[in-house]
Amino acid sequence: MLDSYNRNINYLRISVTDRCNLRCRYCMPAEGIEWIDHSHILSFEEIIEVAEEAVSLGVDKIRLTGGEPLVRKGIVDLVKMIASIPGVKDLGMTTNGQLLEKYAFPLAEAGLNRVNVSLDTLDAKNYKYLSRGGNIKKVFKGLEAARNAGLDPIKINCVINPSGDRNERQELIDFCNENNYKLRFIRQMSLEDGSFYPVEGGEGGICKICNRIRLTANGDIKPCLFSEDGFNVREYGARNAILKAVGAKPLSGKKNKVNQFYNIVG
Ligand code: SAM
Ligand code: SF4
């Protein structure tokens, strides 16, 4: 489906939960956030309806994210349901990897094609510091399991702070080269300030080729990461909400003071 600027919107990113088992410093406050009430979180049936409508309108690429998608109960079943929608050519997930060792095989079996794993450093201590408590060994085990399960490609998302350590960056480059992981550097962004950058090694952040819409865990279809517009599928119905969001896609992102990364399907 084409938006008002002739961009072909074929990519839907779905946040399956706003909950997370980490508290990364650039993403969530230490004390956590006020979780969306359960009654507002879309059920699997509602998510599937959105995915089916989106596919009928031309979406063929779907990514599940969060919060942390692997903390949503029944996530493997959801993957299976989405993978079985005719027309879904590419189904991916973005995860912090803490639970990936357990889930990689079942996810691949359910039809997940690829995975992006967030990893900002190779240093165990620094990882624990940045994620406020994460265990880097679990990420390494998750990555191994993902490879053994046949998930392909495996990408690493690394959020960089411009003032960060250049050596750490090189270590990650070497690590990814050795293991055949595709590395993407993401500059730390602020939705509130409207500061966004192209993803190094990826396609995100380049407005003129943006092909995405997003579904938040509570059912808003967002036209753009940096837009305060959102069309709730419970209010408008799935198809209408999608069409309205595509119609409202701005030429370029501005600012967004109503969402944060953990609830806007980053
Ligand atoms: N919990 C999963 C994870 O961390 O991979 C998925 C959700 S997380 C919000 C998705 C991606 O957004 C992660 O790669 C994370 O590093 C990135 N992210 C979070 N806050 C960010 C920020 N302020 N600027 C840039 N990227 C950010
Ligand atoms: Fe959780 Fe991902 Fe945000 Fe880290 S970046 S706090 S893992 S949602």
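Trainee: How many bridges join β5 to strand β6?
Mentor: This is a predicted model. In it, β6 covers residues 182-187 and runs parallel to β5. Cys-158 stands opposite Phe-185 in β6. The number of bridges that join β5 to β6 is 6.

Trainee: Which residue in β5 is the bridge partner of Ser-118?
Mentor: Strand β4 spans residues 114-118 and runs parallel to β5, with 4 bridges joining them. Ser-118 has its bridge partner in β5. That partner is Asn-157.

Trainee: Which residue in β4 does Thr-95 stand opposite?
Mentor: Strand β3, residues 90-95, is joined to β4 by 4 bridges, and the two run parallel. Thr-95 stands opposite a residue in β4. The residue is Val-117.

Trainee: Which strands stand at the edges of the sheet?
Mentor: The open sheet has 9 strands in the order β6-β5-β4-β3-β2-β1-β7-β8-β9, with mixed pairing. An edge strand here has a single partner strand, so one side of it is left without a neighbour in the sheet. The strands in that position are β6 and β9 (231-232).

Trainee: How many residues of strand β5 are buried?
Mentor: Ile-154, Ile-156, Cys-158 and Ile-160 point one way from β5, while Lys-155, Asn-157 and Val-159 point the other way. Residues pointing either way are buried. For β5, residues 154-160, the count is 7 of 7.

Trainee: Does Asn-157 count as buried or exposed?
Mentor: Asn-157 is placed in strand β5. A residue is buried if its relative accessible area is under 20%. Asn-157 has 8% relative accessibility, and therefore it counts as buried.

Trainee: Which side chains are joined to the side chain of Asn-157 by a polar contact?
Mentor: Leaving out residues up to four places away in sequence, Asn-157 touches Thr-94, Asn-116, Val-117, Ser-118, Leu-119, Asp-120, Arg-184 and Ile-186. A polar contact of 3.4 Å joins its side chain to that of Asn-116, and another of 3.1 Å joins it to that of Arg-184. The names asked for are Asn-116 and Arg-184.

Trainee: How far does a polar side-chain atom of Asn-157 lie from an oxygen atom of ligand 1?
Mentor: Ligand 1 is surrounded by 18 residues, the closest being Tyr-26, Gly-67, Ser-118, Val-159 and Met-189. A polar side-chain atom of Glu-68 lies 3.2 Å from a nitrogen atom of ligand 1, and a polar backbone atom of Thr-95 is 3.2 Å from an oxygen atom of the ligand. For the polar side-chain atom of Asn-157 and an oxygen atom of ligand 1, the distance is 3.2 Å.

Trainee: How many charged residues are in the shell around ligand 2?
Mentor: The residues around ligand 2 are Cys-20, Leu-22, Arg-23, Cys-24, Cys-27, Gly-67 and Asn-96. By class, 4 of the shell are nonpolar and 2 are polar. The number of charged residues is 1.

Trainee: What radius of gyration does the protein chain have?
Mentor: The secondary structure of the chain comes to 8 helices and 9 strands, and 52% of its 266 residues are buried. Its C-alpha atoms fill a box of roughly 45 × 40 × 35 Å along the principal axes. A compact globule with 266 residues would have a radius of gyration near 18 Å, and the chain agrees with this, at 17 Å.

Note on methods. Residues numbered from 1 in each chain as written. Chains lettered and ligands numbered in written order. Predicted model: local features only at pLDDT ≥ 70, side-chain atom pairs only at ≥ 80, totals over all residues. Heavy atoms only, no water. Near = heavy atom within 4 Å. Nonpolar A, V, L, I, M, F, W, Y, C, P; charged D, E, K, R; others polar. Buried < 20%, exposed > 50% of the residue type's maximum accessible area, 1.4 Å probe, protein only. Pairing = 2+ DSSP bridges. Polar contact = N/O pair within 3.5 Å; in protein donor to acceptor, adjacent residues only side chain to side chain. Contact = heavy atoms within 4.5 Å. Rg over C-alpha atoms; globule rule 2.2 N^0.38 Å.
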